[in-house]
Protein chains: 2
Amino acid sequence: MTKKIILKTLYEKKDEYVPLEELVNETGKSQKEVEIEFDTLEDEGYIINHSKLGYRLIKTPNLLLPYEVKKGLKTKFMGKDIHYFKEVDSTNDVAKYLAENGAEEGTVVVAEIQNRGKGRMGKTWISPPGGVWMSIILRPDIPTSKAPQLTLVTGVAVAETLKKELNLDVGIKWPNDILIGNKKVCGILTEVNANINKINYVIVGIGIDMNVDVPLLPPDLQEGATSLKNELDTEINGAILVQKFLLNLEKLYNQFTSGKFPDILNEWRFLSKTIGRKVEVRTRGKTIRGDAIGINKDGILILELDDGSLRKIISGECLHINTS
Amino acid sequence: MTKKIILKTLYEKKDEYVPLEELVNETGKSQKEVEIEFDTLEDEGYIINHSKLGYRLIKTPNLLLPYEVKKGLKTKFMGKDIHYFKEVDSTNDVAKYLAENGAEEGTVVVAEIQNRGKGRMGKTWISPPGGVWMSIILRPDIPTSKAPQLTLVTGVAVAETLKKELNLDVGIKWPNDILIGNKKVCGILTEVNANINKINYVIVGIGIDMNVDVPLLPPDLQEGATSLKNELDTEINGAILVQKFLLNLEKLYNQFTSGKFPDILNEWRFLSKTIGRKVEVRTRGKTIRGDAIGINKDGILILELDDGSLRKIISGECLHINTS
């Protein structure tokens, strides 16, 4: 709270020195306590000029610090509570812990680094500095069977945000990899905790390779991966991107919970880079090849095999095959 | 030719009177012959002021007169030869006759009124004044089996043109009805003349209810139909619309003949108002209901029935069912 007041004051008096006495007044803390807060801020990466005139904010770190994300956040509930970690094993696991302990819908867990980030199908998600490693707690009042639809909703939210804000050739590879061109820039992992008929909570995990340096990824991932920074040749402001994403997600989530999933699915179809492609899907040890011709109302992929037969694919890892 | 030179001269000297002698000089015809041409022009609907200073063009009729369409036409071959009729039984039939007699690819037949306009499935196409009733002769060097794809290509060309030029909520109902909102504004009828392995010619017939007054259509069609004029509350310039359409069609046709049908099909999917809808398809006396979930690489519609089974629909009449 003290930190928040200090930052608010420094932002309001941008380009001016703020005397220590004023900060003491604003916060109601002692000189010593205010000075300690400044040490913390500098640890977090804020660059602050200190002279006999007082304190002046020179530069904000490009990190997903709660104060920075919330500052421009226009949502009603999404991201109103943000738990920030410099380093964590898995943001999904932290979110799960918070959800078990009553955290509210819309609570966000974010970390600069994940040491054991989780991907789909039991894979590891490599999470070096510069990415958006984020998990969101949702508590939708929907049948348990519909929870997987949230993965598609989240995919649309990410893809729309990147497309609109950054004007990139963004698309979705079924079920929910976000691509730029044909390279992956974001993965989504949805975990559901539910009884037979009731969802307790859903954790939506999102990993966006925002300002990640692609050459720092493991060699076997480099060819198929990209980052926003890599595509645009410039560093992206993470706090602003996350604000836009959370707003978009809240809008789509509200549509979803009010029964408008078909509209979102049509948007998914529009963003899909899989439909119309020849694909290979690995599912439970089997590999199936065919033309991806559509998805049904539950998000199940429909393949047409070479013999003309049709096949439903509920889950699996999908590869786009080049035919040209 | 004389008429073309006269019109060209009048357009070049817009807002000026052109002396009769100048037109005699330009055309190399006699005074009498030039005067007769002016009678023809006035019959066609041009309004021309005649004083002792000469002739002045006041108003061009909003008709698909060859000179008017060709004036701003930027195509290489589409619409370079235009056969115009005030009234005809069926532009497709005239086009067939011309094709049989060696007419070149891109030849266009257009009429202000069709007395026996043809629709899909043996139906009549009502063709009152104000519409674009047009047939185009194509001679693609493709296997006969791929000819039906041209229907989808044409559908995309019409939909894209209306969407881009008029900024309307345009979409395609499978296989090739063009809708604004949920009302039909255009139908397409493709007729193929082919041997087993060789296409002789394809006639693509297009009917757009451009400036048609909807209340003048037969009562049973009025509810499901609209016109551009009806939607925009203003008269559309037909010559300009047809120029844009022919240019767009030529571009897509060139893509098609160079093997890029999959890209066009993706555009079709994007424009589709059928995919994602509950539909009822009437095909060969049977009626099938289901969710339209996609189309395959040949343009065949894929339905998911209530029992979860998948069904291919090769042809038929498709109704969108309201579920909300």
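**Figure 1. Domain division of chain A in the predicted model.** Chain A is divided into domain 1 (2-59), domain 2 (66-271) and domain 3 (278-321), with domain bounds that come from an automatic or database domain assignment. The centres of domain 1 of chain A and domain 2 of chain A, taken over C-alpha atoms, are separated by 33 Å. Chain A has an average pLDDT (the predictor's confidence in each residue, from 0 to 100) of 92, and 99% of the residues score at least 70. Residues are numbered from 1 along each chain as its sequence is written, and chains are lettered from A and ligands numbered from 1 in the order in which they are written. This is a predicted model, in which local features need pLDDT of at least 70 and side-chain atom pairs count only at pLDDT 80 or more, while totals for chains, interfaces and linings use all residues.

**Figure 2. The open sheet of chain A.** Seven strands form an open sheet with mixed pairing in the order E3-E4-E5-E9-E8-E7-E6 (chain A); helices (H or I, at least four residues) and strands (E, at least two) are DSSP runs, numbered from the N terminus, and two strands pair if DSSP finds at least two bridges between them. Strand E3 (82-88) and strand E6 (170-173) of chain A stand at the edges with a single partner strand each, so one side of each is left without a neighbour in the sheet. On average, and with direction ignored, neighbouring strands of this sheet are turned by 20 degrees against each other, where axes are lines fitted to C-alpha atoms, for helices over the stretch in contact, and angles run from 0 to 180 degrees between N-to-C directions.

**Figure 3. Pairing of E6(A) with E7(A).** E6(A) and strand E7 (residues 177-180) of chain A pair in the antiparallel sense over four bridges, and Ile172(A) stands opposite Ile178(A) in E7(A).

**Figure 4. The side of chain B that touches chain A.** In the predicted complex, to which the predictor gives an ipTM of 0.71 and a pTM of 0.79, 16 residues of chain B are in contact with 16 residues of chain A (C-beta atoms, placed from the backbone, within 7 Å). Helix H10 (261-271), strand E11 (286-295) and strand E12 (301-304) of chain B each supply at least two residues of this side, and H10(B) gives the most, with five residues.

**Figure 5. The rotation axis between the chains.** Chain B is superposed on chain A by a rotation of 180 degrees with 0.0 Å of shift along its axis (RMSD 0.1 Å), by least squares on the C-alpha atoms of residues with pLDDT of at least 70 in both copies. That is the relation of a two-fold axis.

Definitions and conventions. Two residues are in contact if their C-beta atoms, placed from the backbone, lie within 7 Å.
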